[in-house]
Amino acid sequence: MLKRFFKIGESNINSVMDKLEDPIKMTEQGIRDLKKDLTAAMESLAQVKAMAIRTRKEANGKQQMAADYENKAKKLLLTAKEGSLDTAEAERLATLALEEQAKLTLEAERLGNEAKNHEVLAITLNTGVAKQKATLSTYENELATLKARAKTASSTRRINAQLASIDSSGTIALLERMKERVEEEESLASAYGDIAAQTDTMDREIDLALVDKQAKGSAMLDALKQRMEMDKQIK
């Protein structure tokens, strides 16, 4: 009966372990997918940041060129005012410079807006990457905990299986037989002790009896000798 219960329990435990292994495998696969997504997101973030930096640099360059053309137009007008250059020619060239300055300013504004959009997108992507990293860390910790629980459950299962496989009734019977054997040995030892004590007492009584008789015989002999001596003296 005990073994049958053990088999049923073992079957249930195996079923639980199988169910426990599935979430572990699924979590491991999920973590691998998250890592791939995180890698792709970080690559996208790097690309967007690079575009933002490049576009911002181009916008600043266009803005600087526009400022240079404006300065050139000013210098042309000053040169004409000083008489070093024909006024009409100076104004024509200054007009061309200002037209170029206007184009560059518009281009700088466009690039500036584009750079700003890239920077905003980079911030959004960076937030998403941070969340993905946090999620990945959480899942990795949960996976480690799940694996530890699975290992503990497996160890507990083996220990319980070993305990359940022990024949407790047979062990108890052996202990009872050993107890009876020890009690028999103790009884025999006590019996031999009693016999030895009785033999010792008997020998002691005999010795005492012999000593008493010898003492009485010696006293009687001494008394007889004394009477014989007295009789001789009287005669």
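His-118 is found in helix H2, where helices are DSSP runs (H or I) of at least four residues, strands are DSSP runs (E) of at least two, and both are numbered from the N terminus. At 14% relative accessibility, His-118 counts as buried; buried means under 20% relative accessible area, exposed means over 50%, and partly exposed is in between, using a 1.4 Å probe and protein chains only. Keep in mind that this is a predicted model, where local features need pLDDT of at least 70, side-chain atom pairs count only at pLDDT 80 or more, and totals for chains, interfaces and linings use all residues. Residues are numbered from 1 along each chain as its sequence is written, and side-chain values use heavy atoms, with hydrogens and water left out.

**The overall layout**

- The protein chain has three helices and zero strands, so reading along the sequence gives you the pattern α-α-α.
- Of the 235 residues in the protein chain, 15% are buried.
- The accessible surface of the protein chain is about 18300 Å², and 58% of that belongs to carbon and sulfur atoms; such areas come from the Shrake-Rupley method with a 1.4 Å probe, and for residues only the protein chains shown count as cover.
- Take the contacts (heavy atoms within 4.5 Å) between residues at least 6 apart in sequence: 88% of them join residues at least 24 apart.

- Leaving out residues up to four places away in sequence, His-118 touches Val-48, Met-51, Ala-52 and Thr-55.
- Ala-122 also sits in helix H2, which covers residues 87-164, and Ala-122 is buried with a relative accessible area of 8%.
- Among residues beyond four places away in sequence, Ala-122 touches Leu-45, Val-48 and Lys-49.
- Ala-122 and Ser-44 are 78 residues apart in sequence, yet 8.8 Å apart in space from C-alpha to C-alpha.
- Gln-101 is another residue of helix H2, and its 18% relative accessibility makes it count as buried.
- Setting aside neighbours within four places in sequence, Gln-101 is in contact with Ala-66, Tyr-69 and Glu-70.

**The nonpolar core**

- The largest nonpolar core has 13 residues, and Ile-24, Val-129 and Leu-136 touch the most other members; a nonpolar core is a set of buried Ala, Val, Leu, Ile, Met, Phe, Trp, Tyr and Cys residues joined through side-chain atoms within 4.5 Å.
- Helix H1 (2-82) and H2 each supply at least two residues of this core, and H1 gives the most, with seven residues.
- Leu-136 is in contact with Ile-31, Leu-34, Lys-35 and Leu-38, leaving aside its neighbours within four places in sequence.

- Glu-28 lies in helix H1 and counts as partly exposed, at 24% relative accessibility.
- Glu-28 is in contact with Leu-143 and Lys-147, once neighbours within four places in sequence are left aside.
- From C-alpha to C-alpha, Glu-28 and Leu-143 are 7.4 Å apart in space, though 115 residues apart in sequence.

**Rings and charges**

- Lys-72 lies over the face of Tyr-69, at 5.0 Å from the ring centre; a charge sits over a ring if NZ of Lys or CZ of Arg is within 6 Å of the ring centre and within 35 degrees of the ring normal.

**What the record says**

- In UniProt, an unreviewed entry annotates residues 129-156 as a "coiled-coil region"; positions are given in the numbering used here, feature names are shortened, and annotations may be inferred rather than shown by experiment.
- In the model, residues 129-156 are 100% helix and 0% strand, with end C-alpha atoms 40 Å apart.
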